[in-house]
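Please examine the sequence and the model shown here. The questions that follow concern the packing of helices and the pairing of strands.

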Amino acid sequence: MKTFRPLIAVAAGALLVLTGCAGTGTSGGGSQDAGVSTTSWGAQVLERGEPQKGGSLTYGLSAVVESLDPAGSAVSGNLIMRSIYGVLFSYDDAERNIRPDMAESIESDDNGVTWTLKLKPGHSFTDGNPYNAEAVKAHFERIAAEGSRSRSAEDMRQIASMEVVDEHTLVLTLRKAWTGFPDVLVGAYPGGPAMVPSPAAVEEHGDALGLNPVGAGPFMLKSFQPGGDVVIVKNPDYAGEEPYLDEIKFVTATDTQSRVSAAIAGDIDIARAQSAVDLKTAADGGLTMLTQPDSAYYNLLLNLTQAPFDDERMRRALAHAIDLDGLNAAVFEGKHDPMSGLMLSSSPFFVDTDWPSYDPDKAKELAEEYTADTGNPAAFSLTTTSPPEFQQQAAVLQQMLSDAGIDMSINVSDQPTMVSEARAGNFQAQHRYIEIIDVNYARTAFHSTSGGNNGLKGDPTVDGILDEMLTASEGEMKGLYADLQHALEEWLPQVPLIAVKNGVFVSDRVGGYPGNLIGLPEPDFREVWAIQGD
């Protein structure tokens, strides 16, 4: 049987490919540098001595977690859900080859219309029910159901039929060929298809599954206070490789500076930073700093169905009014990279387009033209969130836009509320970060039929290119990526700002940290371990 996507791996491979040697990383100094190496995709790995079983560590969350339902709209709990539910596939290297996890393989012999998904035997849910093809089928149907809030709902609706062949084999027939379909089943993909819950738990709890998650992953829920702490413990019946830790406690600390301070004080063991400035502060405080690659960037999400951003002139005025170099200097000490399109310049798919550059006079001209033609003011409300790196950016943006004759008010909200308001269309602009890694991420963000298109409107040219990319050959994809970025520049659905500089800082209690997974801002927690003893 032929596998039609070259990046599909049908046998488990090594999670980490270490290319560095001990001491190659940057950390808080002294002996903490020992045991730092680098993966093939640039993630720093920590190994202090030999791995040890047992113990508990505390992870500082950068966003509030309200639900642990993989078919829900929230993504802030994904790092916890992947440990509770497990995932079908993961990416395992810089080329984003697919590594089987709970699944064994996925293959097509008809150019991407029919896919055979095989599961590894031996897994079961923590309620005692089998993790089988019927459970996966029920999960896909739930995501695709009418009223689904999953960002992958439209992806799952591309499945025309599913047949359970045996306990571990599910055959999926798509409505049309899609050679990149396996990417949807990777744990990094938004919307939860890779994370399968117990059908019995779904039937029992319904919409309350997010408070009562039951999976077959390496950990299971001990306690959960929505908006507060989450505690997971080792699943004693997990069929895969046993995780090192007995327990992980997740505490909410949305302010990066607060997470750094808590870690220095000994209250947090692992946390993520999204600023090179905060990473340096952590290192100066004696914490071990591990740099991690990131494909995300800060951006302005625009509601394309409401004034003023239903008019392309105001979207373009917004882009011209923002001095990205000045924003980078003011907020990130110039240590980050300004964006010049909707894909990172480091992406192998990036092409240079005529993306609007800083030109306040042009911005003012467009804004005045918009007001003269429509009678609407060149004004809008930006909803941002609480971390300092967001609020500092918002304040700088407000002044830049004012200089260009655009009046921007600032509203501060929490991330769960922002997500629900975006889905309901109750916003003009939101201050977020986003990642466009490949065609599937672009399809989620921009296709007119996607539940993840929070701009709430599509573009026929962009839709056409994204549809063509579903079945394009590897040789055709480069040209289509170029076409896509030029079409996005013409449409201008969002305004990208500054690339995220991701990294984690860890305490002396952390013995092993595997490096973040490709496309994810967090590690595989099975590979994290604590230093035991005194």
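**Helix packing and strand pairing**

Q: How are helix 7 and helix 9 oriented to each other?
A: In this predicted model, helix 7 and helix 9 are to be described as roughly antiparallel. The basis is the angle between the axes of helix 7 (residues 312–321) and helix 9 (residues 360–374), which cross at roughly 155 degrees and come within 8 Å. Since angles over 145 degrees count as roughly antiparallel, the orientation of helix 7 and helix 9 is therefore roughly antiparallel.

Q: Is the crossing of helix 7 and helix 9 left-handed or right-handed, and how many charged residues does their contact have?
A: The crossing of these two helices is left-handed. Helix 7 contributes residues including Arg313, Arg316 and His320, and helix 9 contributes residues including Lys362, Glu369 and Asp373. By class, the contact has eight nonpolar and two polar residues, and the number of charged residues is five.

Q: Is helix 8 oblique or roughly antiparallel to helix 10?
A: The axes of helix 8 (residues 324–332) and helix 10 (residues 388–403) come within 10 Å and cross at roughly 140 degrees. Roughly antiparallel requires an angle over 145 degrees. That angle therefore makes the relation of helix 8 to helix 10 oblique.

Q: Which residues of helix 8 make the contact with helix 10?
A: Helix 8 passes helix 10 in a right-handed crossing. On the side of helix 10, the contact is made by Glu389, Gln392, Gln393, Val396, Leu397 and Met400. By class, this contact of helix 8 with helix 10 has seven nonpolar, three polar and one charged residues. On the side of helix 8, the residues are Gly326, Leu327, Ala330, Val331 and Phe332.

Q: How many nonpolar residues does the contact of helix 13 with helix 14 have?
A: Helix 13 (residues 460–469) and helix 14 (residues 474–491) pack at about 160 degrees with their axes 9 Å apart, and are therefore roughly antiparallel. Residues that meet include Val462, Ile465 and Leu466 in helix 13 and Leu480, Leu484 and Trp491 in helix 14. One residue of the contact is polar and two are charged, while the nonpolar residues number 11.

Q: Which strands stand at the edges of the open sheet?
A: Four strands form this sheet in the order 1-2-21-22, with antiparallel pairing. Each edge strand has a single partner strand, so one side of each is left without a neighbour in the sheet. The edge strands are strand 1 (36–38) and strand 22 (529–530).

Terms used
Residues are numbered from 1 along each chain as its sequence is written. This is a predicted model: local features need pLDDT of at least 70, side-chain atom pairs count only at pLDDT 80 or more; totals for chains, interfaces and linings use all residues. Side-chain values use heavy atoms; hydrogens and water are left out. Axes are lines fitted to C-alpha atoms, for helices over the stretch in contact, and angles run from 0 to 180 degrees between N-to-C directions. Angles under 35 degrees count as roughly parallel, over 145 as roughly antiparallel, 65 to 115 as roughly perpendicular and the rest as oblique. A crossing is left-handed if the near helix is turned anticlockwise from the far one by less than a right angle, and right-handed if clockwise. Contact means heavy atoms within 4.5 Å. Ala, Val, Leu, Ile, Met, Phe, Trp, Tyr, Cys and Pro count as nonpolar, Asp, Glu, Lys and Arg as charged, and the others, Gly among them, as polar. Two strands pair if DSSP finds at least two bridges between them.
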